[in-house]
Amino acid sequence: MKKLQITFTVLFLTIILGSCSTTKILQTNFSEGTLGNAPAHDIPGDPSGDFIGYIPDLAPALKIVNWSAGDGKALEFKSRYLPNVSGHNTWLSFTGVSTNFRETIWHMYAAKHSGTNGNIIIDLTDGSGTLIARMTTRSDGTTTLQNRDWITSRNIGVIPPNVYHTVIFAVSVTNRTFNLLIVGGGMEQIELNDVPLFTDNILDFHNPATPQLGINFDQAGDNTRTFELKTLLITRKNPTRN
């Protein structure tokens, strides 16, 4: 796959403005949400059918807030201890509309993390549980990619706390690889190319698929971890090109 070359400002504006409606798989910037409330499950606007998934027990951890870095709104997701809820039900998920999974899919979001203790996990899947990539960020900003053995991980850099950053995964199931770019003010750019997918056998992926991005905390006890998500876009159109 070709390298991703784009500035932070262009990336951020691309996410805010979105891509061509015919190529969108999911898009949200929480502008329609009610301050102080959890987001609606159905995402308004194009495309039709994308949605936000979470169980009622998780709703108190979710709140639409005024964006801390400027105008507009964002979604605040706080770590919440749910001892009587199974782990797979503690995820906040964003699921796109059905698409041809043999095409390159771009997943982009702008966010920041804060708080102490615990890790924030980002999973990319086909919407049916088959894992593309898992990225974990510690409270000090150390960020890793999970290796296929589920035990070891690859250190890829640092996303500092309280720094708004833009993340873009360009996923090619056909090539069994993805490219990753993370940029933000006051941080060293992270760029990886041709990273092997977590799942090697492309026949394990559903096609058509409903691409999904999930967010979770791996320790939900005594910690103050918070993830503020400004906007999220999943698209078949390369956002680095006009």
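Let's start with Asp123, which is buried, at 9% relative accessible area. By buried I mean under 20% relative accessible area; exposed is over 50%, and partly exposed is in between, with a 1.4 Å probe and protein chains only.

Quick housekeeping. This is a predicted model, so local features need pLDDT of at least 70 and side-chain atom pairs count only at pLDDT 80 or more, while totals for chains, interfaces and linings use all residues. Residues are numbered from 1 along each chain as its sequence is written, and side-chain values use heavy atoms, with hydrogens and water left out.

On confidence: pLDDT is the predictor's confidence in each residue, from 0 to 100. The protein chain averages 90, and 88% of the residues score at least 70. Residues 15-19 fall below 50, and beyond near neighbours in sequence that stretch has 17 contacts in the model, a contact being heavy atoms within 4.5 Å. Where pLDDT is low, the predicted coordinates should not be read in detail.

Back to Asp123. Which residue does it form a salt bridge with? That's Arg134, and the closest N and O atoms are 2.7 Å apart. Asp123 sits in strand β7 (residues 120-125) and Arg134 in strand β8 (residues 131-137), so the pair ties together parts eleven residues apart in sequence. Strands here are DSSP runs of E, at least two residues, numbered from the N terminus; helices would be H or I, at least four. Arg134 is buried too, with a relative accessible area of 18%.

Searching the whole structure turns up four of them. One of them joins Asp200 to Arg148, at 3.5 Å from N to O. Asp200 is in the loop between β13 (190-196) and β14 (212-217), and Arg148 in the loop between β9 (142-146) and β10 (153-158), so this pair ties together parts that are 52 residues apart in sequence. Asp200 is partly exposed at 41%, and Arg148 is partly exposed at 41%.

Another one pairs Arg236 with Glu103, the closest N and O atoms being 3.4 Å apart. Arg236 lies in the segment after β15 and Glu103 in the loop between β5 (92-95) and β6, so here the parts tied together are 133 residues apart in sequence. Arg236 counts as partly exposed at 28% relative accessibility, and Glu103 does so at 35%.

Now for β6 itself. Is this strand mostly buried or exposed? Ten of the ten residues in β6 (residues 105-114) are buried, so the strand is largely enclosed by the rest of the structure. Look at both faces: Ile105, His107, Tyr109, Ala111 and His113 are buried on one side, and Trp106, Met108, Ala110, Lys112 and Ser114 on the other.

What pairs with β6? Two strands pair if DSSP finds at least two bridges between them. With strand β11 (residues 165-172), β6 pairs in the antiparallel sense over seven bridges, and Ile105 stands opposite Val171 there. Strand β15 (residues 226-235) also runs antiparallel to β6, joined by nine bridges, and Tyr109 faces Leu232.

On a 1 Å grid over the protein atoms alone, a cavity is a set of points where a 1.4 Å probe fits but cannot get out; a pocket is an open set with protein on both sides within 12 Å along at least five of seven lines, and lining residues have an atom within 4 Å of a point. Grid points are joined across faces, edges and corners, and a volume is the space filled by probe spheres set on the points.

The largest pocket is about 300 Å³. It has 21 lining residues, with Thr28, Phe30, Glu32, Ile43 and Pro44 nearest its centre. Strand β1 (residues 24-28) gives the largest share of the lining, three residues.

The Asp46 to Pro47 peptide bond is cis, omega about -5 degrees, in the case of Pro47 within the loop between β1 and β2 (51-53). Asn207 to Pro208 is cis as well, with omega near 0 degrees. And Asn117, in the loop between β6 and β7, has a positive phi near 65 degrees without being a glycine.

Technical notes. Salt bridge = Lys/Arg side-chain N within 4 Å of Asp/Glu carboxyl O.
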